[in-house]
Amino acid sequence: MTATIDEDRLSETFAALASSTRRAILARLAEGAATVNELAEPFEMTLPAISKHIKVLERAGLVTRGRQAQYRPCALDATRLHEISTWAEHYRSVWEARFDRMDSLLAQLQQQRNDRKPTTDKGRATR
């Protein structure tokens, strides 16, 4: 790899993203900053449970909290997501090569299937 990636930080980020609830919170924050109450609305969870999810996202560097009077809105910090994207990009050539091989195999199987189809002569199958 050309860039050095902190493996512990990468692991922590993937662990934070492992939860569908946390991914949903990030999706909501991609639309803009939100309070804990706003983030909790779509979930059938207590506010403390949502707060725990937010803390995991904060520790992973995916979320920041601001301060506006008595509110502490959460915002997405996309830096770690960019790091994951960069890390995954190193494997693009491997994925593409595998997809190319799969496309070739599927085309070959389709050709074999077409070669085995009987031809018809006035409604009768002939070989």
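Trainee: What percentage of the 127 residues of the protein count as buried?
Mentor: This is a predicted model, and a residue is taken as buried when its relative accessible area is under 20%. By that cut-off, the share of the 127 residues that count as buried is 24%.

Trainee: In what pattern do the helices and strands follow each other along the sequence?
Mentor: The protein has 6 helices and 4 strands. Read along the sequence, these elements give the pattern α-α-α-α-β-β-α-α-β-β.

Trainee: How are helix α2 and helix α4 oriented to each other?
Mentor: The axes of α2, residues 20-29, and α4, residues 47-59, come within 10 Å and cross at roughly 75°. Angles of 65 to 115 degrees count as roughly perpendicular, and α2 and α4 are therefore described as roughly perpendicular.

Trainee: Into which classes do the residues of the contact of α2 with α4 divide?
Mentor: On the α2 side the contact is made by T21, R22, I25 and L26, while α4 contributes H53, I54, V56 and L57. Sorted by class, these residues are 5 nonpolar, 2 polar and 1 charged.

Trainee: Which kind of aromatic pair do F14 and W87 form?
Mentor: F14 lies in helix α1 and W87 in helix α5, 73 residues apart, and the pair thus links distant parts of the chain. F14 is partly exposed, with a relative accessible area of 35%, and W87 is also partly exposed, at 24%. The ring centres are 5.4 Å apart and the planes stand at 70°, so the pair of F14 and W87 is edge-to-face.

Trainee: Which residue forms one aromatic cluster with F14 and W87?
Mentor: The count comes to 2 aromatic pairs in the protein. The residue that forms one cluster with F14 and W87 is Y91.

Technical notes: Residues numbered from 1 in each chain as written. Predicted model: local features only at pLDDT ≥ 70, side-chain atom pairs only at ≥ 80, totals over all residues. Heavy atoms only, no water. Axes fitted to C-alpha atoms, helices over the stretch in contact; angles between N-to-C directions. Helix = DSSP H or I, 4+ residues; strand = E, 2+ residues; numbered from the N terminus. Parallel < 35°, antiparallel > 145°, perpendicular 65-115°, else oblique. Contact = heavy atoms within 4.5 Å. Nonpolar A, V, L, I, M, F, W, Y, C, P; charged D, E, K, R; others polar. Buried < 20%, exposed > 50% of the residue type's maximum accessible area, 1.4 Å probe, protein only. Phe/Tyr/Trp six-rings, centres within 6.5 Å; stacked < 30°, edge-to-face > 60°.
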